[in-house]
Every structure is written in C-alpha cells, then in structure tokens.
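Here is a short briefing for a first look at this structure. Please keep the sequence and the 3D view open as you read.

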Amino acid sequence: MASQVISPEAVHHHDVHGHDAHGHHHESFLSKYVFSMDHKMIAKQFLITGIIMGVIGMILSILFRIQLAWPDKEFPLLEVILGKWGEGGRLNPAFYLSLVTIHGTIMVFFVLTAGLSGTFSNLLIPYQVGARDMASPFMNMLSYWFFFSASVVMICSFFVETGPAGPGWTIYPPLSALPKAMPGSGTGMTMWLISMAMFIASSLLGGINYISTILNMRTKGMSMTRMPLTIWGFLLTAILGLLSFPVLFAAVILLIFDRSFGTSFYLSDIYIGGEALPNSGGSPILFQHLFWFLGHPEVYIIIMPALGITSEVISTNSRKPIFGYRAMIGSFLGISFLSFIVWGHHMFVTGMNPFLGSVFMFTTLIIAVPSAVKTFNYLATLWRGNIQFTPAMMFAIGLVSFFITGGVTGLWLGNPSIDINLHDTYFVVAHFHIVMGCSAIFGMLAGVYHWYPKMFGRMMDNKLGYLHFYLTFISAYLVFFPMHFMGLDGVPRRYYTFTEFEMFTKWIALNKFITLAAILGAVAQVLFLYNFFVNIFKGKRAPQNPWHSNTLEWTTPVEHFHGNWPGEIPAVYRWPYDYSKPGAEEDFIPQTVPLSETVSSNTPHDFGFHGDESQFVHEYYQPKNVSAAVEQNAPQAN
Amino acid sequence: MQDIVMNTEETKLNIRPIKFVMWLFIVASIMLFAAFTSSYIVRRAEGNWVEFELPSLFMLSTVLIIASSATMHWAYLSGKKLNFASQKMALWLTIVLGIAFLICQLLSWKQLVAERVYFVGNPSGSFLYVISGLHGAHIIAGIAVLLAPLIGVYRNIAQVKNMLRLELASIFWHFLDILWIYLYVFLLLNH
Ligand code: HEM
Ligand SMILES: [Cu+2]
C-alpha cells in the first residue's frame with residue numbers, strides 16, 4: 001500500500017539524480033534555507049514571514065484600539081515606544097490614520113493573501129497533485145523574495161520623517177495622490193506604492209506557477225475531479241489574482257504618475273490652503289473603479305484558500321466524504337465568476353446611476369447563493385459525522401460560524417438603500433472583519449494545525465491548541481459583534497476620537513470593552529506563537545499520516561527532501577474523500593489504493609457508472625448484498 | 001539507465017508547464033492593458049476630454065512591428081529546420097525591427113509634443129503616453145526574451161533547450177504585435 005517504509009538510503013539515492021532544478025545537490029545553508037527553490041521550504045518561509053507580519057499588524061491594531069477606548073488619557077509608555085508619534089503619552093492623530101492604513105494593508109495583503117495562499121499553495125499543490133515541485137521553482141523563489149522585500153519596505157515606512165501611508169488600505173486619491181495633503185500622504189505613501197508594486201509582482205509570479213503546476217503536472221490518475229478541494233480553491237484563487245492584480249497595477253501606475261509627474265488621471269479642481277492646483281480633468285471615481293475591480297476579487301482571493309482548507313479538514317475530521325463534492329467545485333466556479341461583476345457595491349454612494357446600482361445589487365445578492373451552498377455542504381458534512389475535535393477541526397468549524405455571521409450582514413450591505421446609511425460606518429467594519437478577517441484567519445490556523453506535522457515533522461500541543469481556539473473565538477466575537485450596533489447608530493469608521501461627538505459619547509464604554517476583548521485576543525495569540533515555534537524543535541515526532549487522511553501528501557516520508565517521493569510518484573485511483581466507506585476495512589482509503597484492492601467497498605460510481613446498480617458488472621465489483629456479508633467478515637478476513 | 005529515462009521524462013514534462021507559464025504572463029499583460037483601455041473609455045465618457053490627431057508615425061510603427069512578426073516566424077521555422085544561419089539572421093532582423101519600432105514610437109511622441117499634447121495635461125494625452133509607453137516597455141522586455149535564443153545559437157546549447165527559448169520568444173513577440181494592433185485600432189476608434 002501507500003505507506004511504505006522509507007530507508008535513508010532510498011532517500012539519499014533519489015536525492016542524487018531525482019528532480020533537479022539546480023544541477024547537483026550540495027546544498028549549502030544559503031541554498032537550503034535562504035534561496036531555496038524547494039516548494040516545502042518556500043512554504044515555510046511564507047508562513048513564518050506571514051506570522052511575523054500578522055503579529056506586527058496585531059500590535060498596530062492594539063495601539064489604535066487603546067486610542068479609541070481612552071481618547072483623553074495619557075500613557076507615558078506610548079511616548080517611550082513611539083517617540084514623537086506618542087508625544088505627551090497620546091497617539092498623534094496623523095499616526096492613528098497611518099496605523100489603521102498599515103494594519104489593513106498588512107492584514108489583507110501580507111497575511112491573508114501572501115501568508116495564506118503563499119504558504120498553503122506552495123506546500124500543498126505539488127504534494128496533493130503529485131508533482132516533484134512547481135513548474136518553475138526559480139520563479140517560485142523570486143515570488144517569495146519579492147514578498148519579503150515588499151514586507152521590508154512596508155515596515156521601513158515607519159521610520160521615515162512623515163510616518164507611514166495614511167489614506168486607508170484602499171488609498172483613495174486625492175489623499176494618496178497629493179504628497180502634501182497630510183503627513184501620511186508623503187514619503188510613507190510612496191513607500192506603500194513601491195512595496196505594493198513588489199507585492200503584485202510576487203503574487204503574479206506565485207499565481208502563474210500555481211496555475212501551471214495544477215493544470216500540467218498532475219500525477220497519473222489525478223483528473224480534475226479527483227483533486228482535493230484545497231487544490232480547487234488554490235487554482236481559482238490564483239486565477240482571480242492573475243486577472244485582478246494587473247488591474248491594481250494599472251491603478252497604481254496612474255497614481256504614481258499623478259503623484260510624481262503631475263498628470264491628472266485622478267485629480268481635478270483641487271485647492272490646498274486656498275490655492276488651486278493646476279490639475280484638471282481627472283476623476284477620483286476612476287480610481288475607485290480600478291481599485292475595487294481588484295478589491296472585490298481580492299476578498300475572495302483571501303477566503304477561497306481558507307474554504308478549500310476547511311473542506312479538507314472538515315471532511316477528514318468528520319470521517320465522512322465531503323457533502324456535494326461537485327457542488328463545492330461549482331460554487332467555487334460561481335463565486336470566482338461573480339466576484340468580477342460586483343465591485344460596484346463598494347461604490348453605491350459615489351453618485352452612481354441608481355440603475356447601475358441595482359445591477360450591482362443583483363449580482364451581489366446572487367453571490368450569496370454559491371456562498372450558501374458551501375455553508376450548507378459544510379454543515380451536511382458535519383451532520384452525523386464521527387467528528388474528531390482536533391484543534392484544526394475546531395478552527396475549521398469556527399470558519400463556518402464566522403462565514404455565516406459575516407455573510408448575512410453582506411446581504412444587508414448589498415442593498416443600496418441600506419448601504420447608503422451603513423456605508424463607511426462600523427457596520428462595514430464588523431462585516432468584513434467577521435467574514436474576511438476572522439473567517440480567513442481561522443481557515444489559515446486550521447491549515448497550520450492540520451499540516452504542521454507535514455511541514456515540520458512534529459506535532460503541536462493539542463491542549464494549547466484548544467485554549468488558543470476558545471480564547472480567539474470568544475474574543476473575536478466580543479470584538480466585532482458589537483460593532484454592528486455602533487454602525488447602525490451611524491458611528492463612522494476611521495475617526496480618531498468619534499466619542500467626542502455629542503451623539504456618540506455613549507459608545508465610550510463599549511469602546512473600552514472592545515479594546516479589552518482585543519487585548520484578550522492578542523494574548524491568546526501568544527499561546528499560538530509559543531506552541532508553533534517551540535514545537536518546531538521540541539514537539540513529539542509526527543507519524544506519517546497523523547489524521548488518517550487520504551490525500552497524497554501523507555504518502556510522502558516525514559523527512560523532507562527535494563523531490564517529495566523517494567521512488568516513483570504514486571498514481572491515483574480514486575477521489576480523496578473515501579472516508580468511512582461501507583464495506584471497507586478501515587475508515588479511510590488513500591487515493592493511492594487501487595480499486596482492485598478494495599473490492600468489498602467498491603460502488604458502481606467508483607467506475608464512473610451512474611445508472612441502475614443492479615445492471616453493473618465489473619471484475620472488482622461485488623453487488624451490495626454480497627458486500628454486506630463481506631463487511632461482517634472483514635475483521636477476521638484480515 | 002533508469003536515470004536517463006527519468007531525466008528525459010522530466011525534461012519532456014517540464015516544457016509544457018513552462019510554455020503555459022508564458023501564456024499566463026500574457027494573460028496578465030492583457031489584463032493590464034484592458035484596465036488602461038477601459039479606464040480610457042470610462043474617463044472619456046465623463047467629458048472634459050481634449051481631442052487631437054493621433055501621430056501619423058503610428059502607421060509606420062505598425063508596419064514595422066508587423067514586419068518584425070514575419071521575421072520572427074522566419075526565425076522559428078529556420079530553428080525547426082535546424083538552419084542555424086538563417087535563424088541567427090532572422091532573430092537579428094527581428095531585434096533591429098523591434099528597436100526601429102521603439103524609435104518610431106519616440107518620434108511619434110515628438111509629433112505629439114509638436115501638436116501641444118503633453119504628458120502632463122488633459123488625461124486624453126496622458127493616457128496616450130501611458131498606453132504607448134507601457135507597450136514600449138513590453139517591447140524592451142520582448143527584446144530581452146529574443147536575446148535568449150540568439151545567445152543560445154551562438155553558444156551552441158542543446159537544440160531542445162534552444163527551441164524552447166525560441167518558441168517562448170516567438171509566442172511573446174507575436175503577442176506584442178497583436179497587442180499593438182489592438183491598441184492602435186482602439187485609439188483610432190476612440191479619439
Ligand atoms: C454574501 C456575500 C457578501 C456580500 C453580499 C457582501 C457585500 C458587501 C458590501 C455591499 C460591502 C460594501 C459596504 C460598504 O462599504 O458600504 C462589503 C464590504 C466588504 N466586504 Fe463584503 N460581502 C460579502 C462577502 C464578503 C466576503 C466573503 C468577504 C471576504 C472574505 C468580504 C469582504 C469585504 C470587505 C473587505 C469589505 C470592505 C472593504 C472596505 O470598505 O474597506 N465580503 N461587502
Ligand atoms: Cu466586495
């Protein structure tokens with residue numbers, strides 16, 4: 001069967017002449033850990049960089065949460081940490097805007113796009129489709145280093161005179177186009193643009209590789225409809241990125257010309273300090289169109305890998321086939337297609353023609369259908385499953401919960417008549433943090449807990465995992481759920497001290513509560529960091545297939561080496577979800593087990609036959625009544 | 001023995017994914033220019049749009065780039081027939097035509113300036129500079145891609161490898177040709 005024992009010689013033997021991306025194999029420290037072209041190492045690089053960026057993004061959010069909760073209190077410590085940005089122990093208002101901007105940028109792009117897709121696409125695509133590496137390992141390496149440089153530039157913008165970019169993660173002009181508009185429009189904004197240009201290059205290099213690998217390098221028998229849903233998620237994510245990131249790039253190029261060369265793509269009739277600028281004929285709305293044409297697919301770029309991971313984790317840990325495999329693929333396709341024609345729902349208040357508004361409302365509300373299909377399929381997979389509550393499973397179920405809660409408020413916002421009131425309020429903040437922030441982070445954490453043994457050959461600690469889950473789950477709801485009510489009351493987002501407006505003073509108590517909950521959530525992440533980093537060195541050694549999973553990555557040896565499989569790449573004979581199949585000896589049948597070895601559990605479907613079962617005849621098929629008898633004898637027969 | 005079988009199996013397998021990678025790069029470029037041309041339409045529909053004549057030299061650049069596509073194809077065919085002398089010749093010609101195209105674009109910018117259409121000013125002019133400029137940047141990248149099979153012939157690298165380079169260059173170069181024709185027709189129709 002698949003789980004053959006691999007001797008070190010076999011491993012070495014392969015290493016000498018197997019997959020060769022860079023000639024011979026004298027791996028130095030540099031080529032093994034730094035400029036690695038091995039997809040597994042690149043995955044780890046993405047993950048660890050993503051985690052570091054995530055921690056930075058989280059610290060930024062705690063800083064501005066403190067400001068919101070105690071707007072007129074002095075914290076001398078702030079001055080110690082932040083210098084002039086915390087003068088007199090109070091956060092500088094311009095710096096507040098920068099914090100919000102960089103928090104959003106880091107979380108959306110660096111953590112949930114590169115950190116999530118970069119990690120799991122790199123790790124799982126070659127493993128799960130049965131390839132020795134990516135189509136172009138070199139481009140893959142470039143992709144990581146562009147991402148790394150982008151991260152460095154983004155962080156460095158904290159150290160320039162005028163501080164980091166401040167116009168919000170959506171960088172709407174004119175704030176982003178006029179360096180003099182505010183401190184956060186200066187050098188920091190330029191660095192933001194440079195960083196994002198590198199980020200886009202990284203995404204494209206990575207995405208192109210993922211698509212090419214999935215479509216061209218699948219092992220024998222791995223047809224598209226035998227691919228795990230993770231791979232479907234990564235494939236469509238990469239396609240969305242390929243189609244939408246160039247559009248952001250176009251927007252950024254025009255913005256750079258406006259900023260630095262004096263063109264007027266986005267600028268018109270602007271006065272600074274009473275003086276008119278020469279720019280005329282530009283349209284800031286044009287930027288919004290370009291931005292959201294990327295921006296909306298981008299939110300699905302974030303959630304689809306998480307959904308794919310969740311499908312895999314939920315099916316494995318319910319010990320049941322995923323409910324509606326083809327419907328899951330169909331809904332992925334539906335979401336991907338629709339995500340390109342809904343961007344206008346971010347622009348209902350830009351003076352959009354009401355008729356166009358209703359078209360965007362229509363497409364937006366339709367997206368709820370494939371989203372709901374996914375949710376129902378998760379619930380149906382869980383239904384009466386033999387659920388194994390591993391930490392990964394807890395996080396996957398957490399994703400489903402957040403996806404429902406946040407999706408419902410999406411439906412509210414999709415209606416222009418409601419959105420005109422709720423736009424740019426805390427209601428939107430609540431919506432997207434729950435549906436995107438929490439959901440996708442939970443999916444990512446589910447993936448980390450699930451594939452940690454594959455990545456590091458060691459196990460994480462379960463007890464810490466559960467504690468991490470409960471604290472994070474509870475604090476996330478405590479932080480974001482109340483924001484709905486603030487939004488319904490009209491509290492605007494991105495305000496430094498909104499509680500000073502007479503009508504909003506009542507929210508100060510809630511603000512304190514939310515900040516405390518956020519600090520609780522942050523502390524919970526320390527548990528995760530401890531669990532993650534310490535167990536890389538100290539964890540229990542992982543068995544080859546700790547979760548009794550069917551997919552190909554678990555047929556590779558625990559020790560990593562370039563090329564993944566010591567011998568030939570295994571062929572695939574079945575889909576990845578044969579869990580608890582009636583008549584089978586064990587409750588899982590890996591994809592590498594031929595139908596000839598599982599006669600007692602085969603069904604006509606396995607042979608591609610969908611008609612009347614009693615008509616079906618095949619040498620490896622026993623009609624049902626016989627197989628029931630075999631099932632009873634199975635324990636002795638073995 | 002087994003090693004050899006395995007290696008040829010792997011090199012054979014890798015050609016397809018790499019060619020596919022080139023096609024995907026092209027998709028990304030298409031989206032980039034789709035973004036520019038649709039911005040152009042959206043922006044133009046809003047009014048306050050200064051109309052002007054397209055530079056007449058664009059006609060000449062179009063002829064040049066179509067000719068370079070022809071020589072590119074000649075290079076490809078010669079490569080396939082293992083006729084290295086004419087492959088070199090044709091690749092050089094393609095590069096020269098590519099450079100001539102770039103010069104022609106620069107001269108047409110001069111025509112624009114003479115017409116008082118500047119990069120900084122009404123977006124109608126700025127768009128023209130950005131669109132043709134970015135296409136020009138692609139041409140420069142294209143010339144770099146063309147150099148790969150040319151260096152390959154001079155260095156006498158393995159034919160399979162060089163044929164892959166040649167094919168990649170040819171796919172990309174024809175794309176740049178078609179892209180320019182699209183842009184030109186688009187500009188003709190929308191100004
Ligand atoms: C049922 C599906 C969904 C619908 C109908 C929906 C609808 C909307 C609408 C109408 C807005 C605009 C609100 C405004 O700015 O006034 C919005 C904002 C947003 N949505 Fe959703 N959404 C859905 C699912 C999602 C998902 C799955 C994600 C991410 C994974 C997401 C991420 C976001 C983000 C990031 C924003 C705010 C961007 C910003 O202004 O900063 N949404 N959503
Ligand atoms: Cu959206």
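How many residues in the lining of the second largest cavity are nonpolar, how many polar and how many charged? That lining divides into 8 nonpolar, 11 polar and no charged residues. Here Ala, Val, Leu, Ile, Met, Phe, Trp, Tyr, Cys and Pro count as nonpolar, Asp, Glu, Lys and Arg as charged, and the others, Gly among them, as polar.

This is a predicted model, where local features need pLDDT of at least 70, side-chain atom pairs count only at pLDDT 80 or more, and totals for chains, interfaces and linings use all residues. Residues are numbered from 1 along each chain as its sequence is written, chains are lettered from A and ligands numbered from 1 in the order in which they are written, and side-chain values use heavy atoms, with hydrogens and water left out.

**Cavities**

- The search of the whole structure finds 5 cavities of 30 Å³ or more. On a 1 Å grid over the protein atoms alone, a cavity is a set of points where a 1.4 Å probe fits but cannot get out, and lining residues have an atom within 4 Å of a point. Grid points are joined across faces, edges and corners, and a volume is the space filled by probe spheres set on the points.
- The second largest cavity holds about 200 Å³ of space. Its lining has 19 residues, and Thr113(A), Ser117(A), Ser203(A), Gly207(A) and Tyr210(A) are the closest to its centre.
- Helices α5, α7 (187–216) and α8 (229–261) of chain A give two or more residues each to that lining. The largest share, 6 residues, comes from α8(A). Helices are DSSP runs (H or I, at least four residues), as are strands (E, at least two), numbered from the N terminus.
- The largest cavity has about 1,200 Å³ of space. Its lining counts 46 residues, and nearest its centre lie Ser61(A), His103(A), Met107(A), His433(A) and Phe480(A).
- At least two lining residues of the largest cavity come from each of α3 (39–69), α5, α14, α15 (462–480) and α17 (508–538) of chain A. The most, 12 residues, come from α14(A).
- By class, the lining of the largest cavity has 32 nonpolar, 11 polar and 3 charged residues.

**The second largest pocket**

- The second largest pocket has a volume of about 1,200 Å³. Its lining has 49 residues, with His345(A), His346(A), Leu413(A), His431(A) and Phe432(A) the closest to its centre. A pocket is an open set of points with protein on both sides within 12 Å along at least five of seven lines.
- Five stretches of chain A each supply at least two lining residues: α5 (93–129), α9 (284–318), α11 (354–382), α12 (391–413) and α14 (426–456). With 9 residues, α11(A) gives the most.
- The lining of this pocket divides into 29 nonpolar, 16 polar and 4 charged residues.

**A nonpolar surface patch**

- A nonpolar patch on the surface has about 890 Å² of accessible area together, and Phe376(A), Ile404(A), Trp412(A) and Phe485(A) are among its residues. Patches use residues with over 30% relative accessible area and no salt bridge; like charges are joined within 9 Å, nonpolar side chains (Val, Leu, Ile, Met, Phe, Trp, Tyr) within 5 Å. Accessible areas come from the Shrake-Rupley method with a 1.4 Å probe, and for residues only the protein chains shown count as cover.
- The largest share of the patch, 4 residues, comes from α12(A). Ile404(A) lies in that helix and is partly exposed at 37% relative accessibility. Buried means under 20% relative accessible area, exposed over 50%, partly exposed in between (1.4 Å probe, protein chains only).

**Salt bridges**

- Over all chains, the search finds 10 salt bridges. Each is a side-chain nitrogen of Lys or Arg within 4 Å of a carboxyl oxygen of Asp or Glu.
- Lys40(A) and Asp38(A) meet in one of them (3.3 Å, N to O). Lys40(A) is buried at 1%, and Asp38(A) is buried at 11%.
- Arg493(A) and Asp424(A) meet in another (3.5 Å, N to O). Arg493(A) lies in the loop between α16 and α17 and Asp424(A) in the loop between α13 (416–422) and α14 of chain A, so the pair ties together parts 69 residues apart in sequence.
- Lys581(A) pairs with Asp606(A), their closest N and O atoms being 2.4 Å apart. Arg574(A), Asp578(A), Lys581(A) and Asp606(A) are linked in a network of salt bridges.
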